[in-house]
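Here are a few exercises to work through with the model open beside you. Try each task on your own before you read its solution.

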Amino acid sequence: MAILFIPSLAALLEKAEAQKGYPLTQHEVETLRDGATCISVPDELLRSMDPLRGYQDIDPTKCWEAWRDHRLAGNTRLA
């Protein structure tokens, strides 16, 4: 089983950062992750979501590092 964030963790963090107007701190990223809505789904379902979304969601176990990589890759409006 895998964790599926609704909305995606990437979308949640992008929205929060856009509202803030500048980069989120590690504490803010981890706090948002910890308070996000998520459900448990079969691994296959989670893997099938990325092509439909057009991006890979943030890994919640390495949230801060994955978020920094996501931003550095130019995947957000503020990157």
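A contact, or touch, means heavy atoms within 4.5 Å. This is a predicted model, so local features need pLDDT of at least 70 and side-chain atom pairs count only at pLDDT 80 or more, while totals for chains, interfaces and linings use all residues. Residues are numbered from 1 along each chain as its sequence is written, and side-chain values use heavy atoms, with hydrogens and water left out.

**Exercise 1. Follow the chain**

Task: work out how many helices and strands the chain has, and in which order the elements run from the N terminus.

Solution: Start with what counts. Helices (H or I, at least four residues) and strands (E, at least two) are DSSP runs, numbered from the N terminus. On that basis the chain has four helices and two strands. Read from the N terminus on, they go β-α-α-β-α-α.

**Exercise 2. Check the overall build**

Task: find out how the radius of gyration of the chain fits the value for a compact globule with 79 residues.

Solution: First, the rule: the radius is taken over C-alpha atoms, and a globule gets 2.2 Å times the number of residues to the power 0.38. For 79 residues that puts a compact globule near 12 Å, and the chain agrees because its own value is 12 Å. Next, picture the box: along the principal axes, the C-alpha atoms fill roughly 35 × 25 × 20 Å. Last, look at the contacts between residues at least 6 apart in sequence: 78% of them join residues at least 24 apart.

**Exercise 3. Look inside**

Task: is isoleucine 58 buried or exposed, and which residues does isoleucine 58 touch?

Solution: Find isoleucine 58 in the loop between α3 (43-53) and α4. Then apply the cut-offs: buried means under 20% relative accessible area, exposed over 50%, and partly exposed in between (1.4 Å probe, protein chains only). Isoleucine 58 comes out at 4%, so it counts as buried. Leaving out residues up to four places away in sequence, isoleucine 58 touches Leu9, Ala10, Leu13, Cys63, Ala66, Trp67 and His70.

Now widen the view to the nonpolar core, a set of buried Ala, Val, Leu, Ile, Met, Phe, Trp, Tyr and Cys residues joined through side-chain atoms within 4.5 Å. The largest has 13 residues, and Leu9, Leu13, Leu24, Val29, Ile58, Cys63 and Trp67 touch the most other members. Helices α1 (9-20) and α4 each supply at least two residues of this core. Over the chain as a whole, 29% of the 79 residues count as buried.
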